[in-house]
Amino acid sequence: SKIIAESMDLTDTYAFTGTVSGAGESNRPYFCAKPTGSSQVFTHNADTKMVFNSEVFDSAGAFDTTSYRFTPQTAGKYFVFLRISGTCTNNDELYMEQSLRKNGTRFEQLVGIHDIARGDFEFGSLTAMIDMNGTSDYLEAYAYFYNYSDSNNQASVYGGEKTKFGAYLVSTT
């Protein structure tokens with residue numbers, strides 16, 4: 001408020017010693033959630049809603065650990081990430097994908113990777129920029145698991161730091 005915009009030379013360098021406000025966004029709300037407790041088992045050949053029942057952090061209480069969904073109350077563009085890792089009982093050919101659903105409709109998806117030698121799988125990190133209205137839009141995470149040769153094969157999710165779902169506000173415009 002002490003600088004008159006018309007008198008500023010935008011090619012000069014300015015050193016600020018006080019507080020600068022209004023020079024960006026806070027990236028709030030933001031959250032990061034993970035599964036805890038016993039491993040979640042995937043349903044073979046079906047989309048399975050991921051159980052993220054523990055928050056690493058949640059700046060505005062916008063993630064619900066009982067419905068496992070993010071409902072931000074601030075309209076804008078959000079950077080969203082999802083990473084799912086786990087293990088399966090049969091080291092065979094697997095088709096897997098993780099997906100983000102906005103308001104119940106698939107929005108973005110990523111096909112997974114299977115390490116046949118160990119029985120472990122990791123989808124990699126699915127990232128997306130998603131526009132949210134700040135009132136009724138919500139996001140959920142899903143996984144799909146299919147074994148080509150053994151429909152009885154079971155897969156389960158690693159909890160803790162290996163499986164996470166999160167988002168943060170990038171811009172309100």
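In these legends, buried denotes a relative accessible area under 20%, exposed one over 50%, and partly exposed anything in between (1.4 Å probe, protein chains only). The model is predicted, with pLDDT of at least 70 needed for local features and 80 or more for side-chain atom pairs, whereas totals for chains, interfaces and linings use all residues. Residues are numbered from 1 along each chain as its sequence is written, and side-chain values use heavy atoms, leaving out hydrogens and water.

**View 1. The chain is built from 13 strands and 0 helices.** Of the 173 residues in the chain, 38% are buried. Among the contacts (heavy atoms within 4.5 Å) with a separation of 6 or more, 73% are made by residues 24 or more positions apart.

**View 2. Aspartate 58 is buried yet has no salt bridge.** A salt bridge here requires a side-chain nitrogen of Lys or Arg within 4 Å of a carboxyl oxygen of Asp or Glu. Aspartate 58 belongs to strand β3, which covers residues 54–58. The side chain of aspartate 58 reaches two backbone nitrogens, that of alanine 62 at 3.1 Å and that of phenylalanine 63 at 3.0 Å, within the limit for a polar contact (a donor and acceptor pair of N or O atoms within 3.5 Å). Leaving aside residues up to four places away in sequence, aspartate 58 touches Tyr30, Phe31 and Phe63.

**View 3. Glutamate 55 is found in strand β3.** Because the relative accessible area of glutamate 55 is 35%, this residue is classed as partly exposed. Glutamate 55 touches Cys32, Ala33, Phe63 and Thr65 when residues up to four places away in sequence are not counted. Although 111 residues separate glutamate 55 from glycine 166 in sequence, the two C-alpha atoms are 9.5 Å apart in space.

**View 4. The structure contains 8 aromatic pairs.** Phenylalanine 31 and phenylalanine 165 make an edge-to-face pair, with 5.2 Å between the ring centres and 90° between the planes. This pair links distant parts of the chain, since phenylalanine 31 stands in strand β1 (residues 30–34) and phenylalanine 165 in strand β13 (residues 164–171), 134 residues apart. Phenylalanine 31 and phenylalanine 165 are both buried. Phenylalanine 79 and tyrosine 168 make a tilted pair, 5.4 Å from centre to centre and with planes at 35°. That pair also joins distant parts of the chain, with phenylalanine 79 in strand β6 (residues 76–88) and tyrosine 168 in strand β13, 89 residues apart. Phenylalanine 79 is partly exposed because its relative accessibility is 25%, and tyrosine 168 is partly exposed because its relative accessibility is 34%. Pairs have ring centres of Phe, Tyr or Trp (six-membered ring) within 6.5 Å, with planes under 30 degrees apart called stacked, over 60 edge-to-face and the rest tilted. One aromatic cluster is formed by Phe31, Phe52, Phe63, Phe70, Tyr78 and Phe165.

**View 5. The structure has 6 salt bridges by the rule used here.** In one of them, aspartate 47 is joined to arginine 101, with 2.6 Å between the closest N and O atoms. The pair links distant parts of the chain, aspartate 47 being in strand β2 (residues 47–49) and arginine 101 in strand β7, 54 residues apart. Aspartate 47, with a relative accessible area of 31%, is partly exposed, whereas arginine 101, with 15%, is buried. Lysine 49 and glutamate 140 form a salt bridge with an N to O distance of 2.6 Å. That pair connects lysine 49 in strand β2 with glutamate 140 in strand β11 (residues 139–147), distant parts of the chain that are 91 residues apart. Lysine 49 is partly exposed, having a relative accessible area of 25%, while glutamate 140 is buried, having one of 3%.

**View 6. Aspartate 137 and lysine 102 form a salt bridge, with the closest N and O atoms 3.8 Å apart.** Aspartate 137 is located in the loop between β10 (120–132) and β11 and lysine 102 in strand β7, so this pair ties together parts 35 residues apart in sequence. Both aspartate 137 and lysine 102 are buried. Through salt bridges with shared partners, Asp47, Glu97, Arg101 and Arg106 are joined into one network.

**View 7. Serine 99 lies in strand β7, residues 94–102.** Serine 99 counts as buried because its relative accessibility is 1%. The residues that serine 99 touches, not counting those up to four places away in sequence, include Leu82, Arg106, Glu140 and Tyr142.

Methods: Helix = DSSP H or I, 4+ residues; strand = E, 2+ residues; numbered from the N terminus. Lys, Arg positive; Asp, Glu negative; His and termini not counted.
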